[in-house]
Amino acid sequence: MLRITEPELMTELEQVNIYAETDFSDSDGKMVSRLVELINESKKNLQRESLLIDLGCGPGNITQRLASHWPEINVVGIDGSIEMLRIARQRQFSSKNKSSLRGLSYKEGNISSLSKTRLNLSKFADVVVSNSFIHHVHDFNFFLKSLKAISKKGTLYFHRDLRRPLSSNQALDLQKKHLPNAHPIMIRDFIASLKAAFTRDEVVNYLEKSSWQNYKVIEVEDRYLDIIGIN
Ligand SMILES: C[S@@+](CC[C@H](N)C(=O)[O-])C[C@H]1O[C@@H](n2cnc3c(N)ncnc32)[C@H](O)[C@@H]1O
């Protein structure tokens, strides 16, 4: 199946609210556990001065979990949708665990054109993650350039996203299996996201052509693609 892109930013109010209300706790928890494993394996020591960036953070599902897992470090969620960021900040503000979120902040920015100065960051990232973001990216090379622009030698990357199935029918089967009773807008967006996602071969090809080294692109379960690497 050929890739069919969807809009990069999620700004439609109803779409944003439905996304924020959907329970992704199972997959979000798995994503964070995998990151913890990767950080342990890499022997990276996250300390007070460390910076972890979550690209395409949306309403902060993952970002807030990361900040409470590592309360001493700086965690920055970046998104280009002010509607998403409004919910993320609201959640941080109303969290019962506010003190564990003291290192958390959000910034508005377009991930196709990021730089440390543009984001007003005082340092380069130690870890950059994203969850369910890459399928929105229209030009993968811009994304790679942005990643480099906020990274230093040794930055750990972990990007988890959907991968594109072989056909529309397979996309429908995945929706019926994993999201059978969701709101119609959520179902529409899930199918569109599967069709907009990259395949493993496409990602490997982009990384090879851009001379990236030290990375793995792994198909996980029946629908995910993990891109794991060290700068
Ligand atoms: C499907 S949501 C994922 C949100 C979150 N990472 C999660 O796991 O719940 C994708 C998010 O990426 C954001 N996004 C997509 N393309 C972007 C870009 N070029 N710059 C900034 N944000 C972008 C969208 O606005 C949306 O909030």
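**Exercises: a helix pair and its salt bridges**

In α2, Ser 25, Asp 28, Gly 29, Met 31, Val 32, Leu 35 and Val 36 meet Asn 61, Ile 62, Arg 65, Leu 66 and His 69 of α3. Contact means heavy atoms within 4.5 Å. The model is predicted: local features need pLDDT of at least 70, and side-chain atom pairs count only at pLDDT 80 or more, while totals for chains, interfaces and linings use all residues. Residues are numbered from 1 along each chain, and side-chain values use heavy atoms, without hydrogens and water.

**Exercise 1.** Sort the residues of the contact of α2 with α3 into nonpolar, polar and charged.

*Solution.* Apply the classes. Ala, Val, Leu, Ile, Met, Phe, Trp, Tyr, Cys and Pro are nonpolar; Asp, Glu, Lys and Arg are charged; the others, Gly among them, are polar. The residues divide into six nonpolar, four polar and two charged.

**Exercise 2.** How do α2 and α3 lie to each other: parallel, perpendicular or oblique?

*Solution.* Take the angle. The helices pack at about 45 degrees, with axes 10 Å apart. Now classify. Under 35 degrees is roughly parallel, over 145 roughly antiparallel, 65 to 115 roughly perpendicular, and the rest oblique. α2 and α3 are therefore oblique.

**Exercise 3.** Is Arg 163, the salt-bridge partner of Glu 219, buried or exposed?

*Solution.* Check the bridge. It needs a side-chain nitrogen of Lys or Arg within 4 Å of a carboxyl oxygen of Asp or Glu. Here the closest N and O atoms are 3.8 Å apart. Then use the accessibility classes: buried is under 20% relative accessible area, exposed over 50%, partly exposed in between (1.4 Å probe, protein chains only). Arg 163, at 15%, is buried. Glu 219, at 45%, is partly exposed.

How values were computed:
Axes are lines fitted to C-alpha atoms, for helices over the stretch in contact, and angles run from 0 to 180 degrees between N-to-C directions. Helices (H or I, at least four residues) and strands (E, at least two) are DSSP runs, numbered from the N terminus.
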